[in-house]
Amino acid sequence: MTRETLISLAIVLALLAIPLWATAAGETFYITLATRMAILALAAVGLNIALGLGGLVSFGHAAFFGIGGYAAGILASHAFNMEPLPFGLPGTNAMPVIWIVAIVASGLVALAIGAISLRTAGVYFIMITLAFAQMIFYFAISWPAYGGEDGLSIFVRNQFPGVNTLNGLSFFFVCFTLLIASLGLFSLLRASRFGAALQAARQNEQRLATVGIAPYRIRLAAFVISAMVTGLAGALFADLNRFVSPSMLSWHMSGELIVLIILGGVGRLAGPVAGAMLYVAFEYFLGGITERWQLFLGLLLLAVVLFARGGVVGLLAGKARHG
Amino acid sequence: MAEPVLKLSNLTKTFGALKATDDVSLDLKPGEIHALIGPNGAGKSTLIHQIAGSLRPDTGSIRFLGHDVGALGVPERARMGLGRTFQISSLTPEFSALRNVMLAVQARQGTSFRFFRPVMRDRTLTEPAMAMLERVGLAGRAAVPAAELSHGERRQLEIAIALALGSKAFLLDEPMAGMDPEGSKTLTGFLDQLRAEAPILLVEHDMDAVFALADRITVLVYGRVIATGTVEDIRNDADVRRAYLGEEA
Ligand SMILES: Nc1ncnc2c1ncn2[C@@H]1O[C@H](COP(=O)(O)OP(=O)(O)OP(=O)(O)O)[C@@H](O)[C@H]1O
Ligand SMILES: [Mg+2]
């Protein structure tokens with residue numbers, strides 16, 4: 001086992017330990033906190049595919065997070081009110097169906113956004129992904145059918161066959177399992193031919209083209225896969241809060257995902273997990289002490305960028321090795 | 001007469017007021033090494049860029065293997081068999097030497113949309129890549145990240161990549177630059193063999209290597225071809241001696 005694998009394992013186990021300890025100690029609030037960490041980590045694992053492996057600084061991943069959230073909210077509200085969707089399709093409160101809808105919807109939107117945005121690079125790419133996400137954000141605000149600015153409540157948490165999702169610990173395990181699956185997907189992708197081409201596109205686009213691989217299609221596929229994972233996380237986030245609102249689509253959310261990847265380690269397997277744990281812990285503990293917790297987060301971020309380029313994982317496991 | 005593998009007709013390329021390529025026509029025949037020489041700024045690299053597709057000529061045509069490739073991009077031309085190296089090495093710096101070549105093997109197999117099988121355990125990638133590193137004498141450095149290779153080793157690695165692509169013509173932009181005399185000699189011997197595999201358009205400042213290797217030489221000055229011919233022709237051409245070899249005729 002490499003050092004990085006060990007560190008990754010330790011980080012993931014640390015996340016798992018929080019709700020187990022919380023249950024034993026009767027501190028159920030910390031279960032919610034750990035679930036929030038797992039879900040944000042999942043969203044960031046998605047972004048890490050585009051950002052970490054492909055070097056695509058998407059400042060619009062909140063769009064996919066929010067689309068996943070609205071997929072959960074909309075399907076659940078139709079099921080709750082027993083109103084059919086367009087084309088007479090029924091709503092649903094079955095998580096597996098909701099997840100598939102969330103994944104497909106985010107993927108399709110990412111295909112459209114990516115197809116256009118990936119014709120640009122650098123700062124232009126950052127700005128255009130931001131612009132697309134803001135368009136969707138304002139659309140959600142001005143669309144009264146699903147709550148507009150006020151958002152949409154999910155009255156009863158959606159269900160997963162054989163699991164009591166109303167139980168906090170059970171719902172944590174659902175999210176944690178998906179997080180582990182996404183980490184598996186990330187490491188498979190990273191080691192695969194596709195991953196090789198994607199990482200080459202980040203390191204030296206000219207080299208990739210010179211061996212005969214067009215970077216555009218590789219990046220587009222990565223962008224879509226990345227969005228699908230983040231979209232799935234969005235559906236879980238809506239279920240955690242039993243509420244979805246345009247704030248899930250806002251640029252703060254996109255920024256938050258980038259920040260927690262930088263904290264944890266860009267392109268590193270467990271980077272998003274470490275980052276999400278740190279971020280949520282900061283938000284909760286410092287947020288309890290001072291309104292200005294984000295100032296301290298900013299300072300921490302500055303320290304990471306200046307002194308620990310590889311984030312937490314880089315600090316613990318050293319430089320990434322590519323074989 | 002064998003059909004040329006590569007044929008440039010009346011290429012021109014201007015950068016603002018500067019004519020970097022001025023009505024250039026030349027060809028590359030099977031089995032030959034065609035050297036392209038000229039002083040700094042003559043437009044040699046610019047010409048290589050146009051052939052490879054990374055720059056578009058303003059006018060003129062480029063035919064490769066009987067096809068007009070003018071409308072194709074870099075990846076398409078590479079897949080047709082144009083293998084090029086860069087004057088300033090262009091590699092994936094974080095990847096090892098082996099992985100750099102594996103990327104080319106993968107590209108040649110046409111299979112980059114495979115998402116699950118780990119490349120390092122895929123012998124259809126590692127073995128051909130290792131064989132190419134052996135051919136250029138880099139096998140001992142296979143695991144070293146490209147960023148940590150010496151200047152000369154990076155040039156060799158670029159050639160290994162072009163080999164792995166199964167190139168049908170090589171465009172080499174100053175492959176000897178920055179190599180020690182020993183390295184240049186080895187590479188000269190290597191290129192001498194390589195021409196049997198595919199013809200080489202060789203941009204090079206090292207005149208010993210050029211005179212030892214070239215079947216034909218084209219001299220470029222200010223974007224224009226001022227002479228084309230055998231080594232003997234060029235050695236004896238008064239214009240060339242004046243303009244380039246720096247001698248008084
Ligand atoms: N993208 C560009 N924009 C503007 N001018 C350029 C560009 N690329 C090259 N040039 C100019 O075109 C001319 C030819 O450059 P080129 O690099 O092709 O020369 P070269 O023959 O390869 O020289 P060297 O032997 O130094 O490599 C030079 O005057 C250079 O400054
Ligand atoms: Mg040059």
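Across the interface of chain B and chain A, three salt bridges are found, a salt bridge being a side-chain nitrogen of Lys or Arg within 4 Å of a carboxyl oxygen of Asp or Glu. One salt bridge joins the side chains of E158(B) and R207(A), with N to O at 3.4 Å.

On the side of chain B that touches chain A, α2 (74-80), α3 (97-109), α4 (123-135) and α5 (151-164) of chain B each supply at least two residues; α3(B) gives the most, with six residues. Helices (H or I, at least four residues) and strands (E, at least two) are DSSP runs, numbered from the N terminus. The residues of this side of chain B divide into 21 nonpolar, eight polar and eight charged. Here Ala, Val, Leu, Ile, Met, Phe, Trp, Tyr, Cys and Pro count as nonpolar, Asp, Glu, Lys and Arg as charged, and the others, Gly among them, as polar.

The model is predicted: local features need pLDDT of at least 70, side-chain atom pairs count only at pLDDT 80 or more, and totals for chains, interfaces and linings use all residues. Residues are numbered from 1 along each chain as its sequence is written, chains are lettered from A and ligands numbered from 1 in the order in which they are written, and side-chain values use heavy atoms, with hydrogens and water left out.

In total, the contact (heavy atoms within 4.5 Å) takes 37 residues from chain B and 30 residues from chain A. The area buried between the two chains is about 3,000 Å², of which carbon and sulfur atoms give 59%; buried area is the accessible area (1.4 Å probe) that two parts lose on being put together, summed over both. In chain B, E94(B), F113(B) and F115(B) lose the most area to chain A, together 20% of what that side buries.

Chain B also supplies donors to a metal. The protein donors of the magnesium ion (ligand 2) are S45(B) (OG) and Q87(B) (OE1), lying 1.9 to 2.1 Å from it. S45(B) lies in helix α1 (residues 44-52) and Q87(B) in the loop between β6 (82-85) and α3 of chain B, so the pair ties together parts 42 residues apart in sequence. Donors are N, O and S atoms within 2.8 Å of the metal (3.2 Å for Na, K and Ca); water is not among the atoms, so sites may look incomplete.

Over all chains the count comes to 19 salt bridges. In chain B, R216(B) pairs with D27(B), the closest N and O atoms being 2.8 Å apart. R216(B) is in strand β9 (residues 216-221) and D27(B) in strand β2 (residues 18-28), 189 residues apart. R216(B) is buried at 17% relative accessibility, and D27(B) is buried at 15%; buried means under 20% relative accessible area, exposed over 50%, partly exposed in between (1.4 Å probe, protein chains only).

In chain A, N48(A) lies in helix α2 (residues 29-53) and is buried at 0% relative accessibility. A polar atom of the N48(A) side chain lies 3.1 Å from the backbone oxygen of R268(A).

How values were computed:
Polar contact = N/O pair within 3.5 Å; in protein donor to acceptor, adjacent residues only side chain to side chain.
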